[in-house]
Amino acid sequence: MPSLPPPPTALSPRARLTRRHAIALGAVALGAPALALAQLGDKPLRILLPLSAGSGADGAVRAISNSLAKALGHPVVIENLPGAGGITGTTQIVRAAKDGSVIGVVSNNHVVNPSVYKNIPFDSIEDITPITVIGATPFVLVAHPSVPARNVKELIALAKARPGVLNYGSSGNGTILHLGAAMFVDQAQIDVKHIPYRGMGPLMNDILGGQVQLGVVAVAPAAAHIKSGTLRAIGVSTATRVPSLPEVPTIAEQGLPRYELEGWIAAIAPAGTPKAEVARLYNGFKAALAMPEARDALVAQGYEIKLMPPEPSAAFFRSELARMTQVVKNANVKMD
């Protein structure tokens with residue numbers, strides 16, 4: 001980690017200690033940004049996103065980046081490194097410097113990938129240090145208006161009457177939207193064909209156009225279409241109803257009580273990053289999300305803030321890995 005520039009003249013160990021103490025006191029007096037600047041020198045904070053530009057998680061991170069830069073006292077540089085369901089970018093995250101200058105923001109796929117990909121060049125738990133779970137966004141199961149079903153009960157009855165006829169789209173094989181729909185198919189015990197797309201945009205376009213009949217999508221981009229009637233909401237994915245769609249019941253309350261899913265994002269550092277750096281970064285996110293502009297921007301992106309300290313975040317990663325492993329097994333999700 002870069003150290004402070006040496007003094008113009010040599011100092012004794014006692015003098016150097018006194019000098020460092022004075023700098024530390026000065027940093028405390030000036031606030032957290034000055035302390036962060038003293039620790040990292042001139043390095044910006046690089047946030048690596050193993051996700052494509054324009055994705056929901058990308059928008060969320062960019063929405064809070066200015067506030068995070070203010071909180072840390074450093075410029076924030078965001079780099080998109082998509083590919084292989086997030087594996088390409090996450091490989092760069094786990095191999096990055098362990099000095100707090102490079103972190104990543106990952107989504108559910110981080111804990112789904114070990115179950116759907118055969119060879120991953122890192123361990124999703126052992127090779128990372130969770131900093132914080134930032135937030136989560138709800139999903140909604142939608143249908144094109146031509147589908148003669150208005151709720152979960154009617155959709156299940158329709159699918160059982162026409163096995164193998166209905167189809168659902170996803171944003172790609174092994175993605176959380178694929179898993180969300182596959183969970184529904186598994187729990188409802190129906191036969192529905194999967195059609196993978198390359199991203200949320202093409203998926204939404206084809207559901208709106210009727211080329212695909214069903215899909216699990218994020219609530220934020222779907223809400224306006226649901227309210228206008230160009231999409232029909234079958235049920236939301238969360239345990240409780242969503243404030244932006246209060247009239248839409250949950251899938252769980254409509255007869256599938258085990259169905260629950262959110263799209264979460266979390267900040268991570270490479271394994272071995274010092275605890276002090278992890279704490280500093282967590283406090284930066286905490287301070288940033290206390291700023292109204294960051295909170296409002298994240299909510300506008302459709303996220304509920306779920307800020308967790310590092311240790312609970314690590315426990316969350318472990319529990320989500322175990323849960324998603326079982327979901328993938330039950331739903332028989334495969335890379336096809």
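Student: Which element gives the largest share of the lining of the largest cavity?

Tutor: The model is a predicted one. Its largest cavity holds about 80 Å³ of space. The elements α4 (87–94), β3 (102–107) and α5 each supply at least two residues of the lining. The largest share is 3 residues, and the element that gives them is α5.

Student: Which residues lie nearest the centre of the largest cavity, and how does its lining divide by class?

Tutor: The largest cavity is lined by 13 residues, and those nearest its centre are G86, T90, N109, H110 and N113. By class, the lining of this cavity divides into 5 nonpolar, 8 polar and no charged residues.

Student: What is the class composition of the lining of the second largest cavity?

Tutor: The second largest cavity has a volume of about 50 Å³. Its lining consists of L141, L155, Y168, A181, F184, V185, I190, V192 and L214, and α7 gives the most, with 3 residues. Divided by class, the lining has no polar and no charged residues, and the nonpolar ones number 9.

Student: Turning to the pockets, how much space lies in the largest pocket, and which residues are closest to its centre?

Tutor: The space in the largest pocket comes to about 1100 Å³. Its lining has 42 residues, and the closest to the centre are L51, S55, S171, T175 and G199.

Student: Which element gives the most to the lining of the largest pocket?

Tutor: Several elements give two or more residues to this lining, among them α3 (56–72), β4 (128–143), α8 (200–209) and β9 (262–270). By class, the lining of the largest pocket divides into 20 nonpolar, 21 polar and 1 charged residues. The most, 3 residues, comes from β9.

Student: How many charged residues are in the lining of the second largest pocket?

Tutor: The second largest pocket has a volume of about 330 Å³. Of the 18 residues that line this pocket, P138, V242, P243, G302 and E304 are the closest to its centre. At least two residues of the lining are supplied by each of β4 and α9. The lining has 9 nonpolar and 4 polar residues, and the charged residues number 5.

Student: How many aromatic pairs does a search of the whole structure find, and why does the pair of W264 and F316 count as edge-to-face?

Tutor: The search of the whole structure finds 2 aromatic pairs. The ring centres of W264 and F316 are 5.2 Å apart, and because the angle of their planes is 75°, the pair is edge-to-face.

Student: Which parts of the chain does the pair of W264 and F316 tie together, and are these residues buried or exposed?

Tutor: W264 lies in strand β9, whereas F316 lies in helix α12 (residues 310–331), so the pair ties together parts that are 52 residues apart in sequence. As for accessibility, W264 and F316 are both buried.

Student: What is the geometry of the pair that W264 and F317 form, and which residues form one aromatic cluster?

Tutor: The pair of W264 and F317 is edge-to-face, with 5.4 Å centre to centre and 70° between the planes. This pair links strand β9, which holds W264, to helix α12, which holds F317, 53 residues apart. Both W264 and F317 are buried. The one aromatic cluster is formed by W264, F316 and F317.

Terms used:
Residues numbered from 1 in each chain as written. Predicted model: local features only at pLDDT ≥ 70, side-chain atom pairs only at ≥ 80, totals over all residues. Heavy atoms only, no water. 1 Å grid on protein atoms, 1.4 Å probe; cavity = no way out; pocket = protein on both sides within 12 Å on 5 of 7 lines; lining within 4 Å. Points joined across faces, edges and corners; volume = space filled by probe spheres on them. Helix = DSSP H or I, 4+ residues; strand = E, 2+ residues; numbered from the N terminus. Nonpolar A, V, L, I, M, F, W, Y, C, P; charged D, E, K, R; others polar. Phe/Tyr/Trp six-rings, centres within 6.5 Å; stacked < 30°, edge-to-face > 60°. Buried < 20%, exposed > 50% of the residue type's maximum accessible area, 1.4 Å probe, protein only.
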